[in-house]
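Trainee: Could we look at this one together? I would like to learn how the words we use follow from the numbers.

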Amino acid sequence: MRFNKKKFIYLISPSKIDKTFYYHLVCVLNQKKVSFFQLRLKRGTFKEKLIIGKKIKKICKEFKVKFLINDNVHLAKTLKADGCHLGQNDMAIHKARKLIGNKIIGITCHNSIQLAKLALKNKADYLAFGAFYSTSTKKTKYKPSLAILKKVRKITKTPIVAVGGINSNNYKKLLLNKANLLAISGYIWKNKKLKPIEAIKKLK
């Protein structure tokens, strides 16, 4: 899986999508720093998610951004998304493959080399580690050290995604320690000081 080094952001949606979101998404993607966009909605019906997903997919396509779905493989299949992201308690990767075929499947590995090795064995397309920093987006049980990124890089060339509390003050550390992509949500969508477009401009 190839990607542009300048496009190091793996953007995750806010938990609620309001009417202004689509405008802000266009502004943010227009900065050409985002490789992946993940739709992560914990609430709402399948139909509601489908309506939102179709709109976002169209915007992502326009900016050549890969459109992924969090957790819900059936939604990813229905939307013909570019892939999905699976947590440790979600559908097994081999079952997901049967549903969506040769699409992108990323796996949460928390802070574990063992989980990473298992994900690699199951042919995951990327490995996600975190939370590296404290985050308000979701509750975090696992906190890897930066050293895990270099350890994982020694055993695989599979892309590594760093997750959790990433902002303009700490993002460079993760890139310097071999993370390929930075999963960011709250810093862009829930930033009390900066609008989404202003926030992403600080990630250079």
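Mentor: Let's start with T156, which sits in the loop between α6 and β7 (160-163). Keep in mind that this is a predicted model.

Trainee: Why is T156 called buried?

Mentor: Its relative accessibility is 11%. Buried means under 20%, so T156 counts as buried.

Trainee: Which residues is T156 in contact with, leaving aside its neighbours within four places in sequence?

Mentor: Those are L120 and L127.

Trainee: What makes the link between the side chains of T156 and T158 a polar contact?

Mentor: The value there is 2.8 Å, and the cut-off for a pair of N or O atoms is within 3.5 Å.

Trainee: Let's move to α6. How do you know that the buried residues of α6 are on the same side?

Mentor: The buried ones are I148, L149 and V152. They cover an arc of only 100° around the axis, so they fall on the same side of α6. On the other side of α6, K151 and K154 are exposed.

Trainee: What covers the buried residues of α6?

Mentor: The cover includes α5 (113-121), β6, β7 and α7 (171-176).

Trainee: Why is K32 called exposed?

Mentor: K32 has 55% relative accessibility. Exposed means over 50%, so K32 counts as exposed. You will find K32 in the loop between α1 (21-29) and β2 (34-39). Its phi is near 60°, a positive value in a residue other than glycine.

Trainee: And what makes K64 exposed?

Mentor: Apply that cut-off of over 50% to its 71% relative accessibility, and K64 therefore counts as exposed. K64 belongs to the loop between α2 (46-62) and β3 (66-70). Phi of K64 is near 55°, again positive in a residue other than glycine.

Trainee: Which two residues does a cis peptide bond join?

Mentor: G130 and A131, with omega at about 15°. A131 is in the loop between β6 (126-130) and α6 (147-155).

Trainee: Which residues touch the most other members of the largest nonpolar core?

Mentor: L11, F37 and I56 do, in a core of 58 residues. Not counting residues up to four places away in sequence, F37 touches several residues, including L11, F21, I56 and W189. Apart from that core lies another, of 10 residues, among them I12, F36, V161 and L181.

Key:
Residues are numbered from 1 along each chain as its sequence is written. This is a predicted model: local features need pLDDT of at least 70, side-chain atom pairs count only at pLDDT 80 or more; totals for chains, interfaces and linings use all residues. Side-chain values use heavy atoms; hydrogens and water are left out. A nonpolar core is a set of buried Ala, Val, Leu, Ile, Met, Phe, Trp, Tyr and Cys residues joined through side-chain atoms within 4.5 Å. Buried means under 20% relative accessible area, exposed over 50%, partly exposed in between (1.4 Å probe, protein chains only). Contact means heavy atoms within 4.5 Å. Helices (H or I, at least four residues) and strands (E, at least two) are DSSP runs, numbered from the N terminus. A polar contact is a pair of N or O atoms within 3.5 Å; within protein, one must be able to donate a hydrogen and the other to accept it, and residues adjacent in sequence count only if both atoms are side-chain atoms. The arc is that of the directions from the helix axis to the C-beta atoms.
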